[in-house]
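I opened the notebook to record what I looked up in this structure.

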Amino acid sequence: MNQALNDLLDLLDLEQIEENIFRGQSRSAVVPRVFGGQVAAQALVAAGRTVPADRHAHSLHAYFLRPGDPGAPIVYTVERIRDGRSFTTRRAVAVQHGRPIFALSASFQTFEEGLDHQAPMPAAPDPETLPTSAERFRGYDHLDPVVVGKFLEAREAIDLRYVEEPPFGKYGEPREPHSQVWFRTNGKLDDDPLLHVVLATYVSDMTLLDSVLLAHGRGGWAVGDVVGASLDHAMWFHRPFRADEWLLYDQESPSAHGGRGLGQARIYTQDGSLAISVIQEGVVRVPREN
């Protein structure tokens, strides 16, 4: 396990300061606010720590309310909405400087047998044949080296590999609003199912709106031809998976309108099991000319 993954796990290991109240730290991201995947993952940790161990996360629905301050701790308060025979529901609110910045509802379920089918896994190359993030980013002379450094630092804990050219690598002409990345943690994790769900939640906010950018030939945050932020985020965890083994993140954008773009995705294990479905809407605006 590399040091960056250790640091990330420490970041996600919240301090309990009272019953149903937790405190997490923050760190700077590519943009001058708390990375959305961090606050979503920490909120899920807080919710999960109030749930019996035999109940596993099966869905989350969240809203990003305000930009987070990376220089201040975040307090998470958990409301125990319901404890049923099969399902448990929790609501977690993240607060900084006395104001809510993020709200999450999550549902947990005991294991049970049932009907089973899934959408087939799309074609994708072997992740081991693809360049690493460091190899990708360092091949783009048009990118600001400071921005490249921030991106690479933000992804040191994760081995994330683009199947095709990312928006910031090739832009100016619209492309199909579809993108794929493979990802896994840069090191082995223990067997706690919540930890793997939390790490997948963290990564899920990294590239989901890329397909919106592709549809309009925009390079994105790395080149500054759009401004934006996540608005809401939803995930459904269908089948067991490990975040320290390769996962294919197959993403597309069905719509952009009114200054907002929608991304939807499926995450598959390398052997073809549909593990997670994801939907996110974000603000995606073209900067105004002075």
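These are my entries on a predicted model.

**Helix packing, α2 and α5**

I began with the general point that two packed helices are described by the angle between their axes and the distance between the axes. I looked up helix α2, residues 36-48, against helix α5, residues 193-204. I noted an angle of about 160 degrees, with the axes 8 Å apart. Angles over 145 degrees count as roughly antiparallel, so α2 is roughly antiparallel to α5. For the handedness I wrote down that α2 passes α5 in a right-handed crossing.

Which residues of α2 and α5 meet? On the α2 side I listed G37, Q38, A40, A41, L44, V45 and G48. On the α5 side I listed L194, V197, V198, T201 and Y202. I then sorted the residues of this contact by type, and they divide into 8 nonpolar, 4 polar and no charged.

**Helix packing, α1 and α5**

I next took helix α1, residues 3-12, against α5. Their axes come within 12 Å and cross at roughly 105 degrees. The range from 65 to 115 degrees counts as roughly perpendicular, and α1 and α5 are therefore roughly perpendicular to each other. The contact uses L8, L9 and L12 from α1, and L195, V198, L199 and Y202 from α5. I sorted this contact too: 7 nonpolar, no polar and no charged.

**Aromatic rings**

How many aromatic pairs does the structure hold? I recorded 8 aromatic pairs. I also found a cluster in which ring pairs link F137, Y140, F151, Y162 and F168.

**Positive phi**

I kept in mind that most residues other than glycine have a negative phi. I wrote down N20, which is not a glycine and has a positive phi near 70 degrees. N20 sits in the loop between β1 (15-18) and β2 (21-24). Is N20 buried or exposed? Its relative accessibility is 17%, and under 20% means buried, so N20 counts as buried.

I wrote down H97 as well, with a positive phi of about 50 degrees, again in a residue that is not a glycine. H97 belongs to the loop between β5 (87-96) and β6 (99-110). Its relative accessibility is 63%; over 50% means exposed, so H97 counts as exposed.

**R82**

I looked up R82 and placed it in strand β4, residues 74-83. With a relative accessible area of 46%, R82 is partly exposed. Leaving aside neighbours within four places in sequence, I found R82 in contact with F87, T88, T89 and R90. I also read off the C-alpha separation of R82 and S107, which is 9.3 Å for residues 25 apart along the chain.

**D144**

My last entry is D144, in the loop between α3 (133-137) and α4 (145-154). At 41% relative accessibility, D144 counts as partly exposed. How far apart are the C-alpha atoms of D144 and Q270? I noted 34 Å, with the two residues 126 apart along the chain.

Technical notes
Residues numbered from 1 in each chain as written. Predicted model: local features only at pLDDT ≥ 70, side-chain atom pairs only at ≥ 80, totals over all residues. Heavy atoms only, no water. Axes fitted to C-alpha atoms, helices over the stretch in contact; angles between N-to-C directions. Helix = DSSP H or I, 4+ residues; strand = E, 2+ residues; numbered from the N terminus. Parallel < 35°, antiparallel > 145°, perpendicular 65-115°, else oblique. Left-handed = near helix turned anticlockwise from the far one by under 90°. Contact = heavy atoms within 4.5 Å. Nonpolar A, V, L, I, M, F, W, Y, C, P; charged D, E, K, R; others polar. Phe/Tyr/Trp six-rings, centres within 6.5 Å; stacked < 30°, edge-to-face > 60°. Buried < 20%, exposed > 50% of the residue type's maximum accessible area, 1.4 Å probe, protein only.
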